[in-house]
Amino acid sequence: MNTVNQLLGEEYGIGFDVPLSEKPQDSLLRIKAYIQTHQIKAPILFMVDMGSLNTFGNEISKTFGIDTQTIQLVSTLHVLEAVRKAMLGYPLQAVYKETLAVNLLIEEELQEHSKKNSIKFAIVTICTTGEGTAKVLKNILTTELNFDEEVLEIIAINLIDKEDIYSRLASLSKTYEIICIVSPFHLAFQYPHFDLVEVIEKSKIQEIQQLVDLAETYGKLGKTLAGQLKYVDSEEVVVDVKKLITALTIQFSIESNLNVLIGFAFHLACMIDREFGGEKGTEFLDKEFFMRKHADEIQLIQEALRSIEYKYQIKISEDEVCYMVSFFINTH
C-alpha cells in the first residue's frame, strides 16, 4: 500500500500488515478498532492475499452496517487501480468491477499464443497446504477423468510461498489453454472453478469431464469451419468464440452442454465472419420490446462482445445481441 500511495502522491489507501503469527480474530479486532476510531462510514473495498482474510468484509458489514466488497489474491496493479478509481470518486461497485477488469487485461495480453497453433489444454489445481494435497488432487483427476495425455495436462500449483497466483496463471496461459481451476478460493479470471472438496468427494468429476470433452471438441471445430467461413481465420475465431462462451456461461450460470454450446459456437463464428464481411443477418422479431424487457442481459452481452468487436473491427448488430440473450435465457 505504501508503494501505491507513493506512486499516486496521496495517502489514500489504508494498509494493514497481517503476519502469519497473528490470529485472524486479532487482526479483525485491529481493523474494527481503526474503523471505529476514525469513524469511517464510507463503503470499503478489502484487498487481501489469501486465507481467512477474505471473510473480514462480511464481518465489518455486520458490525458497522458498511457496504463492503472483497478481492482476493491481489497484486500491486490491483491496488493501484482500486485506489486510483476511489480517488476519482467512483462508487464501491464501480471500483470493484474496474479492479477485477485488471485481470482481464492481463489475460488478453498474455493469451496471444492461442491463435493458429495447436496448444495443450490444462486443468490447474491450487493448494495452500503443501505439496501433499496438490498431488492428491492431481491423482484423483488423473484417475477419474477420461482424457488424452497428449492433449490435456493436470498442473498442480502449491502456493505455500505466496507467489502471485495471477502471474502464475498468466505465465501458464502462454503454453496452455486453461479449461478450469480447482482451488480453495475463487479467482477473478473467467475460468470455471471447482472447490477442493468437490474434487476430493468426486461430486463434480462428471462436470469437469464435460469441460474436457468440450475443449477437445472445440479443438476440432476450427478445422470443420475452415470451409464455411469466407473472411476470418477459422482456427483463430474459434479461440475467441470459446473464450466468449466460457465467460458468458459463468455469468449466466449455465451448465456446459456439449451439443448446445458447440452449436452456439458455430453460430457465433459464422456471425463474426458475416459481420466482418459486411453481410446482413436475420432480423430479431419484436426487438424493441425484447431489449426493454431484458435490458440488463443485453448490456452484459454487449460488454462481453467489446473485445470481439475491437479485434475484428466490427459492430455486432442489436439483432444478433438479442439472439444471443435469447439463447442464454432459454438455456438457463
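Of the 332 residues in the protein chain, 43% are buried, where buried stands for under 20% relative accessible area, exposed for over 50% and partly exposed for what lies in between, with a 1.4 Å probe and protein chains only. The model is a predicted one, in which local features need pLDDT of at least 70 and side-chain atom pairs count only at pLDDT 80 or more, while totals for chains, interfaces and linings use all residues. Residues are numbered from 1 along each chain as its sequence is written, and side-chain values use heavy atoms, with hydrogens and water left out.

The protein chain holds 15 helices and six strands, taken as DSSP runs numbered from the N terminus (helices: H or I, at least four residues; strands: E, at least two). If contacts (heavy atoms within 4.5 Å) are considered between residues at least 6 apart in sequence, 70% of them join residues at least 24 apart.

## Salt bridges

Across the whole structure there are 16 salt bridges, each defined by a side-chain nitrogen of Lys or Arg within 4 Å of a carboxyl oxygen of Asp or Glu.

| Pair | N to O distance |
|---|---|
| Lys311 and Asp240 | 2.8 Å |
| Lys280 and Glu283 | 3.9 Å |
| Lys315 and Glu309 | 3.9 Å |

The salt bridge between Lys311 and Asp240 links distant parts of the chain, since Lys311 lies in helix H14 (residues 306–312) and Asp240 in helix H10 (residues 234–251), 71 residues apart. Lys311 is partly exposed because its relative accessibility is 35%, whereas Asp240, at 15%, counts as buried. Lys280 and Glu283, by contrast, are both exposed.

## Helix H4

Helix H4 (residues 76–87) has twelve residues and reaches 16 Å from its first C-alpha to its last, close to the 16 Å expected at 1.5 Å a residue, the expected span being 1.5 Å times one less than the number of residues. Its buried residues are His78, Val79, Glu81, Ala82, Val83 and Lys85. A network of salt bridges links Glu81, Arg84 and Lys85. Just after H4, Gly89 takes a positive phi of about 90°.
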